[in-house]
Amino acid sequence: MEISVSIEQAKVPVAVMHIQGDIDASNFLRVIAKAQEIYKNPARHLLVDLSEVPFISSAGLVAMHRIALLYSGAPQALAQNPPQDLTHSSDVGRHVKLLNPQPTVEHILETTGLKPFFKVFYDLDSALASF
């Protein structure tokens, strides 16, 4: 699996994380770490390009979930006393979006119930315009 990142200027800076290859137990921590690295830098908006990801395992789904929580403000929300409930946070769809998932990956996201947490786009211009 390879990960590259580009920064695109929309209304706000958007990091586009391009992933090539399967996301599975052997590499899901790298995906999370890269998203955390991006989050610490200027782009607080993330577009995950899944166009070259033929398969995502349950570990890959964990990575997507962790990224969604990170960008929705979970570290800050969980630090509150009592912790803020982010189960249905609308911030996920504002800050993390998916680009062009392959049919198999999209089906897995639908089957597991994760797809509704993300806005999915099929072209870069529309995705960038949505931020």
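This is a predicted model: local features need pLDDT of at least 70, side-chain atom pairs count only at pLDDT 80 or more; totals for chains, interfaces and linings use all residues.
Visitor: How do you know that the span of helix H2 agrees with its number of residues?
Guide: H2 covers residues 58-71, which is 14 residues.

Visitor: What makes serine 57 a cap for H2?
Guide: A side-chain oxygen of serine 57 lies 3.2 Å from the backbone nitrogen of alanine 59. The cut-off for a polar contact is 3.5 Å, and the pair falls within it. The cap sits at the N-terminal end of H2. Just after H2, glycine 73 has a positive phi of about 95°.

Visitor: Why is tyrosine 71 called buried?
Guide: Buried means under 20% relative accessible area. Tyrosine 71 has 3% relative accessibility, so it counts as buried. Other buried residues of H2 include Ala59, Leu61, Met64 and Ile67.

Visitor: And why does tyrosine 39 count as buried?
Guide: Tyrosine 39 has 11% relative accessibility, so it too falls under the 20% limit. Over the protein chain, 45% of the 131 residues count as buried.

Visitor: Why is the pair of tyrosine 39 and tyrosine 71 called edge-to-face?
Guide: Two values decide it. The ring centres are 4.9 Å apart, and the limit for a pair is 6.5 Å. The planes stand at 75°, and over 60 degrees counts as edge-to-face, so the label holds. The count comes to one aromatic pair.

Visitor: What makes this pair a tie between parts of the chain?
Guide: Tyrosine 39 lies in helix H1 and tyrosine 71 in helix H2, so the pair ties together parts 32 residues apart in sequence.

Visitor: Which residues touch the most other members of the largest nonpolar core?
Guide: Met17 and Leu46 do, in a core of 33 residues. Elements giving two or more residues to this core include strand S2, helix H1 and strand S3. H2 gives the largest share, eight residues.

Visitor: What does methionine 17 touch, not counting residues up to four places away in sequence?
Guide: Its contacts include Ile3, Val5, Val31, Ile38, Leu46, Val48 and Ile67.

Visitor: How many of the contacts between residues at least 6 apart join residues at least 24 apart?
Guide: In the protein chain, 67% of them do.

Note on methods. Residues are numbered from 1 along each chain as its sequence is written. Side-chain values use heavy atoms; hydrogens and water are left out. Helices (H or I, at least four residues) and strands (E, at least two) are DSSP runs, numbered from the N terminus. The expected span of a helix is 1.5 Å times one less than its number of residues. Buried means under 20% relative accessible area, exposed over 50%, partly exposed in between (1.4 Å probe, protein chains only). A polar contact is a pair of N or O atoms within 3.5 Å; within protein, one must be able to donate a hydrogen and the other to accept it, and residues adjacent in sequence count only if both atoms are side-chain atoms. A nonpolar core is a set of buried Ala, Val, Leu, Ile, Met, Phe, Trp, Tyr and Cys residues joined through side-chain atoms within 4.5 Å. Contact means heavy atoms within 4.5 Å. Rings of Phe, Tyr and Trp (its six-membered ring) pair if their centres lie within 6.5 Å; planes under 30 degrees apart count as stacked, over 60 as edge-to-face and the rest as tilted.
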